[in-house]
Amino acid sequence: MQIWVDADACPKVIKDILFRAAVRRRIPLILVANSPLHTPPSPYIRSLQVPAGFDVADNHIVEQVQAGDLVVTADIPLAAAVIARAAHALNPRGELYTTENIRERLAMRNLMDQLRSTGVHTGGPPVLDLTDRQAFANQLDAFLHKHAPAQNV
């Protein structure tokens with residue numbers, strides 16, 4: 001199992017949680033972004049810079065993800081593609097996307113996109129707060145406990 005991160009838009013505090021988890025659990029963590037990233041030195045953590053362009057990072061993740069891997073992303077179409085490949089998707093607010101909830105999330109995203117295209121101001125997501133960070137850390141820990149038991153930690 002590996003953890004993939006859609007890193008261009010992933011908040012730094014979430015990356016920090018992921019860095020600690022990867023080292024503690026000895027799980028490969030790959031951050032994929034269009035721009036260079038700073039990562040702590042670790043044999044478990046690496047960053048991959050892909051060319052700039054629409055969905056280049058997302059497409060790379062979808063091409064490389066394997067069944068059982070975890071992808072951290074707020075991008076709902078990416079989450080849907082990952083789930084279609086029998087992998088798992090977790091957003092930075094701690095919501096685990098599943099086959100049961102991804103269609104609803106896609107429908108809502110598409111509706112909001114349509115509203116924005118007609119000029120309706122829909123606002124953006126709220127600022128990531130301490131509750132969101134804790135929810136992410138808890139969900140990540142529960143996921144790793146279930147899917148990637150600790151190895152001689």
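Modeller: A nonpolar core is a set of buried Ala, Val, Leu, Ile, Met, Phe, Trp, Tyr and Cys residues joined through side-chain atoms within 4.5 Å. Keep in mind that this model is predicted.

Colleague: What makes up the largest nonpolar core here?

Modeller: That core has 24 residues. Ile-3, Val-5, Leu-18, Leu-29 and Leu-140 have the most contacts inside it. At least two residues each come from β1 (3-6), α1, β2 (29-33), β4 (70-72) and α5 (130-147). Helix α1 gives the most, with six residues.

Colleague: Which residues does Leu-140 contact, leaving aside its neighbours within four places in sequence?

Modeller: Leu-140 is in contact with Ile-17, Leu-18, Ala-21, Leu-70 and Leu-90. Contact here requires heavy atoms within 4.5 Å.

Colleague: What does the second core include?

Modeller: Val-65, Ile-76, Tyr-97 and Ile-102 are among its 19 residues. This second core is separate.

Colleague: Why does Lys-15 count as buried?

Modeller: Its relative accessibility is 14%. The cut-off for buried is under 20%. Therefore Lys-15 counts as buried.

Colleague: Where does Lys-15 lie, and in which helix?

Modeller: Lys-15 lies in α1, residues 12-25. Not counting residues up to four places away in sequence, Lys-15 touches Ala-7, Cys-10, Leu-31 and Leu-37.

Colleague: Which residues of α3 are buried?

Modeller: In α3 (residues 76-84), they are Ile-76, Leu-78, Ala-79, Ala-80, Val-82 and Ile-83.

Colleague: How do you know that Asp-75 caps α3?

Modeller: A side-chain oxygen of Asp-75 lies 2.8 Å from the backbone nitrogen of Leu-78. A polar contact needs N or O atoms within 3.5 Å, so 2.8 Å passes. The cap is at the N-terminal end of α3. Just after α3, Ala-86 takes a positive phi of about 65 degrees.

Colleague: What is the overall pattern of the protein chain?

Modeller: Along the sequence, the pattern is β-α-β-β-α-β-α-β-β-α-α. The chain has five helices and six strands. Buried residues make up 37% of its 153 residues. Among contacts between residues at least 6 apart in sequence, 52% join residues at least 24 apart.

Key: Residues are numbered from 1 along each chain as its sequence is written. This is a predicted model: local features need pLDDT of at least 70, side-chain atom pairs count only at pLDDT 80 or more; totals for chains, interfaces and linings use all residues. Side-chain values use heavy atoms; hydrogens and water are left out. Buried means under 20% relative accessible area, exposed over 50%, partly exposed in between (1.4 Å probe, protein chains only). Helices (H or I, at least four residues) and strands (E, at least two) are DSSP runs, numbered from the N terminus. A polar contact is a pair of N or O atoms within 3.5 Å; within protein, one must be able to donate a hydrogen and the other to accept it, and residues adjacent in sequence count only if both atoms are side-chain atoms.
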